[in-house]
Amino acid sequence: MAVGEVVGGRYRVVGGPPGRGRVAFAEEVGSGRPVVVEFPDGAPGPGVRLRHPGIVAVLETGVHEGRPFLVMERLDGHSLEDHLLDGWYRPHEVAGFGAQVAEALLVAHRAGLSHGALAADRLLLTPDGTVKVLGFGTPVPVPRPDLVALGDTLLELLGQPLIPSFRPEPGELDALIEELRAVPDDPPDPAVTAAFAARLRRLHRLHRLAAAAPSAAAAPPERPVRRARRIVRHPGRRTAALALLLLSGAALLAVAAYAAAAGF
């Protein structure tokens, strides 16, 4: 979509997010309201009618020059995948994100609908901490079960370790994630979705209290290790991350050897 092009006779393209050729930022002609226009691979489905605080609202659908399009509300924020570049999230954050997404999925499941392509890049984190699901009603070539995809996404947000010794002992959140990844979710059962949403909300409260406890506040920061572990999840950074970890280990051994030789 070219800047200045008017889609559907109402929405003038003003730019676009990097790497998203089928998506453009636009403004409604006349009102100037900011929106997002997307050209999906096929006609949008009934999921575009879903309304919930955790679902990005689709404002309009139509056809432009023979191609179906949809118009969504434009929100400030970044995807959870984008935020992972700064390191992955703490358990109370992951549980909170999971609860919000499960509650949004519940609205769809009660309507007999699914998302089918849930992933970290389809979850928008707004400045006030709300997670909004993108993509309901967008055609999916090979749909994935929603709760299984939610489990995979939460596991990614926690961080899958390359080196097992860096991973703390599994807890209740880890067990819940494994349950999600094993759910027979075709068709989705709203009662099961509601139960997972409630459990994630409870874990969010528990982990938030634990994170705010004095012992947690006094714990040494883990961000540098988290960043190193997250980098190895990107293929282009794997070699650099491994080199960083090996150099760190070698440095520690050298310090230990010096201390032993000096009689410390």
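**Strands and cavities in a predicted model**

This predicted model holds an open sheet of 6 strands, in the order 1-2-3-4-6-5, with antiparallel pairing.

Q: Why are strand 1 and strand 5 said to stand at the edges?
A: Strand 1 (6-7) and strand 5 (58-64) each have a single partner strand, so one side of each is left without a neighbour in the sheet.

Q: What makes strand 1 and strand 2 a pair?
A: Pairing needs at least two bridges. Strand 1 and strand 2 (residues 11-15) are joined by 2 bridges, so they pair. They run antiparallel. Within this pair, Val7 has Tyr11 as its bridge partner in strand 2. The hairpin of these strands has 3 residues between them, and Gly8 takes a positive phi near 65 degrees there.

Q: How do you know that strand 2 pairs with strand 3?
A: The cut-off is at least two bridges. Here 4 bridges join the strands, so they count as paired. They too run antiparallel. Tyr11 has Glu28 as its bridge partner in strand 3.

Q: Why are strand 3 and strand 4 called paired?
A: A pair needs at least two bridges. Strand 3 (residues 23-28) and strand 4 (residues 34-38) have 5 bridges between them, so they qualify. Phe25 stands opposite Val36 in strand 4. Glu27 has Pro34 as its bridge partner in strand 4. Their hairpin has 5 residues between the strands, with Gly30 at a positive phi near 100 degrees.

Q: What joins strand 4 to strand 6?
A: There are 4 bridges between strand 4 and strand 6 (residues 67-73), which run antiparallel.

Q: Why is strand 4 called mostly covered?
A: A residue is buried when its relative accessible area is under 20%. In strand 4, 4 of its 5 residues are buried, so the strand is mostly covered.

Q: How many cavities of 30 Å³ or more does a search of the whole structure find?
A: The search finds 2. The largest cavity holds about 40 Å³ of space.

Q: Which residues line the largest cavity?
A: The lining consists of Gly47, Val48, Ile55, Val56, Val58, Met72, Gly135 and Phe136.

Q: What makes 2 residues of that lining polar?
A: Gly counts as polar. The lining divides into 6 nonpolar, 2 polar and no charged residues.

Conventions
Residues are numbered from 1 along each chain as its sequence is written. This is a predicted model: local features need pLDDT of at least 70, side-chain atom pairs count only at pLDDT 80 or more; totals for chains, interfaces and linings use all residues. Side-chain values use heavy atoms; hydrogens and water are left out. On a 1 Å grid over the protein atoms alone, a cavity is a set of points where a 1.4 Å probe fits but cannot get out, and a pocket is an open set with protein on both sides within 12 Å along at least five of seven lines; lining residues have an atom within 4 Å of a point. Grid points are joined across faces, edges and corners, and a volume is the space filled by probe spheres set on the points. Buried means under 20% relative accessible area, exposed over 50%, partly exposed in between (1.4 Å probe, protein chains only).
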